[in-house]
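Let's take a walk through this structure, one contact at a time. Keep the sequence and the 3D view side by side as you read.

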Amino acid sequence: MADSVKLLSSEQTQAFDTEYVDDSMFDLVIEALDQYQISQAPFKLMDVGGGNGKYVDKVLNHFARASAILVEPEPSLAQKNRPDERKQVLQSTFQSLALPSRLQAVQFNWVLHHFVTEGYQNTCRVQQQALRDAYKVLAPGGIVLIFENFYEGALIEDLPSQLIYHLTSSKVLAPLTEKLGANTAGVGVCFHSARFWRQQLTQAGFANISEHHCYDFSALSRLKRIGLTLEKQRVGLLVAQKPPLRAC
């Protein structure tokens, strides 16, 4: 039986009613779509957890021959999407979606760390399955694009991931973690290091994995960083390709 993904409340999701991909980050997306020759022909992109649709609208405005499927489980965000004949909005979790096939691109913009369930190892398995499902829906040569916050440990690289997950997923600790600024208190969040995600992409079957640094940030106080054994927080873009078919 598949692990069910825990969803944030409608109140919690209001914090994500914004667009985080700025012009410099969108330039990285354009470069990737050009580099892997996705934009040279009509293409379809799936934006998982696409929220209010502003990112997809940006893609459609830039690429005249693009179309998109936006997947968003929160009704209040899905309903904010601007109608467009080239955009299909599906109010659903990615895990319960009837997966399409032969897409050219799948995008996860700060979404994978919200794929959480009961237990840390089970959560990692859910995240891995999402990458495997992304692999399945892509046509050969298609790409996955992942914007994420990378949390890298000072002692053990992925230890902050485990600590943050256990603190934020605990219903007992929810009143405390909420006061400390965790918007995901009581549900959970599961960040990882960039290397962890690269390993997960490789295990899912992807190749030609590239990493693009966006910026460093420090959203936590020095005391919190020490408590979480956290060395660095940064935002980056990972791009990986489903291997193209080889010519006979």
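Start with Lys-6, which forms a salt bridge with Glu-118, the closest N and O atoms sitting 3.8 Å apart. (A salt bridge here is a side-chain nitrogen of Lys or Arg within 4 Å of a carboxyl oxygen of Asp or Glu.) This pair links distant parts of the chain: Lys-6 is in the segment before helix 1 (10-13), while Glu-118 is in the loop between strand 4 (103-109) and helix 5 (120-137), 112 residues apart. Helices (H or I, at least four residues) and strands (E, at least two) are DSSP runs, numbered from the N terminus. Lys-6 is buried, with a relative accessible area of 16%, whereas Glu-118 counts as exposed at 51%. For those words, buried means under 20% relative accessible area, exposed means over 50%, and partly exposed is in between (1.4 Å probe, protein chains only).

Before going further, a word on where this comes from. The model is predicted, so local features need pLDDT of at least 70 and side-chain atom pairs count only at pLDDT 80 or more, while totals for chains, interfaces and linings use all residues. Residues are numbered from 1 along each chain as its sequence is written, and side-chain values use heavy atoms, with hydrogens and water left out.

Back to the charges: the structure holds 9 salt bridges. One of them sits within a helix, where the side chains of Asp-133 and Lys-136 meet at 3.8 Å, N to O. Both residues belong to helix 5, and they are 3 residues apart, about one turn of the helix. Asp-133 counts as buried at 13% relative accessibility, but Lys-136 counts as exposed at 54%.

Now look at the salt bridge between the side chains of Glu-152 and Arg-234, at 2.8 Å from N to O. Glu-152 lies in strand 5 and Arg-234 in strand 7 (residues 230-241), so the pair ties together parts that are 82 residues apart in sequence. Glu-152 is buried, with a relative accessible area of 14%, and Arg-234 also counts as buried, at 11%. Follow the shared partners and you get one network of salt bridges that joins Glu-152, Arg-198, Glu-211 and Arg-234.

Strand 5 (residues 138-153) also holds Glu-148. The place of a charge is taken as NZ of Lys, CZ of Arg, CG of Asp or CD of Glu.) The Glu-148 side chain does make a polar contact with the side chain of His-113, at 2.9 Å. A polar contact is a pair of N or O atoms within 3.5 Å; within protein, one must be able to donate a hydrogen and the other to accept it, and residues adjacent in sequence count only if both atoms are side-chain atoms.

Patches are made of residues with over 30% relative accessible area and no salt bridge; like charges are joined within 9 Å, and nonpolar side chains (Val, Leu, Ile, Met, Phe, Trp, Tyr) within 5 Å.

A nonpolar surface patch of about 460 Å² is made by Leu-167, Val-172, Leu-173, Leu-176 and Leu-180. The areas come from the Shrake-Rupley method with a 1.4 Å probe; for residues, only the protein chains shown count as cover. Val-172 lies in the loop between helix 6 (159-169) and helix 7 (174-179), and it is exposed, with a relative accessible area of 72%.

Finally, check the backbone. Most residues other than glycine have a negative phi. Asn-208 has a positive phi, near 50 degrees; this residue is in strand 6 (residues 207-217) and is partly exposed, at 46% relative accessible area. Thr-229 has a positive phi too, near 50 degrees. Thr-229 is in the loop between helix 9 (222-227) and strand 7, and counts as buried at 15% relative accessibility.
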